[in-house]
Amino acid sequence: MEIRLSSILLAAALLSGCGWFHRGEKAHNQVVVDEPEGEPTIIEPQVTRREVKTPKIKAKDFEIGAYFGALSIQDFGVNPVYGARLAYHVTEDLFVEGFLATSKAGTTSLEDEFPDITVVSNAGRQFTYYDLDLGYNVLPGEIFLGRGRAFNSQLYVTVGMGDVKFAEKDQFAINFGVGERLLITDWLALHLDVRDHIFETSLTGRTKNVDNIEATLGLTTFF
Amino acid sequence: MRRLLASVLLLQALCVNFVHAAENLLELVVTRPFLEMHSGPGRGYPVVYVVGRDETVTVLYSRTDWYKVRAPRGQEGWARRSDLAQTVLASGEPAPIPPYPDFASHRWEVGAGYGVYNRQNMVTAYADFGLTESLDIEAVVQQALGTIDNRVVGSIGIRHTFIPEWKWFSPTASIGTAYQHIVDKEPPAPRESNNQMAYVSLGARGFITRRFMWRADWRHYVVFNSLNVYEDLEEWKFGLAVFF
């Protein structure tokens with residue numbers, strides 16, 4: 001046991017000795033290479049430069065939300081409508097917005113009067129639309145609630161176009177609208193919108209332009 | 001009890017994160033005599049607070065040309081972009097308010113518009129990536145809604161802007177490939193409902209304001225069919241786009 005311990009110690013001593021020897025050699029070499037005669041030694045500081053990152057400003061120009069309300073489908077009664085909207089605010093005045101919504105049409109007065117007549121099949125009563133709109137904030141302002149509360153608001157007008165799928169057919173539709181955006185906080189807004197979707201159809205006999213006026217209430221958030 | 005402790009710890013961790021996030025906001029020093037803070041992000045909203053020279057404001061986020069800022073004593077309001085651009089960092093460097101994208105050399109464009117395709121009303125949307133100042137790759141998705149059929153057209157092409165430094169009006173030309181899908185509306189049904197196409201186009205573009213621009217385009221498509229007849233289509237469109 002004692003022999004083994006001492007042999008380990010000896011081996012360790014030898015190894016460290018070797019290391020010591022080589023270190024000396026290296027140091028000797030360094031002196032020769034690094035310090036040629038006549039040139040002063042430049043000491044490089046061993047300090048790593050701290051990177052200062054300037055925080056980025058987050059832009060919250062997008063607005064996303066959902067809405068519901070009533071859609072008056074001409075000749076087919078007033079029906080509930082549900083939709084989603086996404087807007088991008090380009091300047092404080094201008095914004096672009098996309099809508100996607102669905103509703104289910106009721107029956108025409110003809111169908112009510114004569115139950116055997118079917119103008120549109122049941123599947124065809126699904127009324128879906130998408131719109132691409134350009135909006136302009138015409139009347140920005142504040143709305144006061146009592147003495148101590150003021151909410152920022154904007155009355156805006158929109159114009160756009162899109163596709164209405166009704167009676168299992170896609171039609172090109174244009175739309176005009178007016179709406180009010182009430183900012184509950186700077187990132188949460190309540191919308192009241194009235195829009196008219198106009199398209200050409202010949203569902204009820206002659207070909208005509210139909211007005212489908214929609215009144216909705218929505219909630220959006222800025223991100 | 002252990003669960004409660006765990007949830008408290010979790011909450012604390014979240015708080016730490018939150019505080020950390022709050023600390024990571026940009027702070028700017030006012031160098032002008034004062035910085036006005038408006039009640040809303042618009043020119044009409046009244047000034048509700050004023051930050052004095054050498055005071056620091058924290059920038060929370062931006063919306064269009066307005067920046068939501070917090071004054072040293074916690075008041076929050078909206079500062080105009082041009083006003084905030086005149087502040088400095090604590091180190092004295094100018095505030096890092098990003099400049100408007102340069103219209104002549106912008107990279108990305110996203111737009112939508114109205115058009116007429118094969119004498120049918122059309123809704124169009126596109127994205128465009130600038131390879132150089134005068135060469136772009138554009139990808140377009142459009143839906144033409146007619147009385148006989150509806151068509152969905154997707155296309156990809158390369159566009160050349162002739163004089164990109166002309167800000168308000170510069171002519172463009174492009175070539176590319178397209179694909180159309182025809183959805184029948186009224187009989188008789190089309191003999192082919194999918195076609196590969198090629199197009200050439202002439203157009204123009206121009207700057208409107210800030211990040212807004214317009215585009216107009218006329219296109220001539222050649223339809224590749226297996227019906228042994230020559231078929232071509234015309235399209236024109238006008239759109240508005242946002243560039244980045």
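Here is a short chat about the contact, the strands and the cores.

Q: What kind of model is it, and how are things numbered?
A: It is a predicted model, where local features need pLDDT of at least 70, side-chain atom pairs count only at pLDDT 80 or more, and totals for chains, interfaces and linings use all residues. Residues are numbered from 1 along each chain as its sequence is written, with chains lettered from A and ligands numbered from 1 in the order in which they are written.

Q: How many residues does each chain bring to the contact?
A: Chain A gives 27 residues and chain B gives 36 residues, counting two residues as in contact if their C-beta atoms, placed from the backbone, lie within 7 Å.

Q: Which strand of chain B is joined to E1(A)?
A: Strand E4 (residues 56-63) of chain B, through two bridges, and the two run parallel. Strands here are DSSP runs of at least two residues, numbered from the N terminus, and they pair if DSSP finds at least two bridges between them. A:Lys58 sits opposite B:Tyr61 in E4(B).

Q: Switching topic, what about the barrel in chain A?
A: Eight strands, E2-E3-E4-E5-E6-E7-E8-E9, form a closed barrel with antiparallel pairing. Strands E8 (residues 188-201) and E9 (residues 208-222) of chain A share 14 bridges, and A:Phe199 is opposite A:Val210 in E9(A).

Q: Which residues touch the most other members of the largest nonpolar core?
A: A:Val164 and A:Ala173, out of 30 residues. A core is a set of buried Ala, Val, Leu, Ile, Met, Phe, Trp, Tyr and Cys residues joined through C-beta atoms within 7 Å; buried means 20 or more other C-beta atoms within 10 Å of a residue's own.

Conventions. Helices (H or I, at least four residues) and strands (E, at least two) are DSSP runs, numbered from the N terminus. A residue is buried if 20 or more other C-beta atoms lie within 10 Å of its own, exposed if 12 or fewer, and partly exposed in between; C-beta atoms are placed from the backbone.
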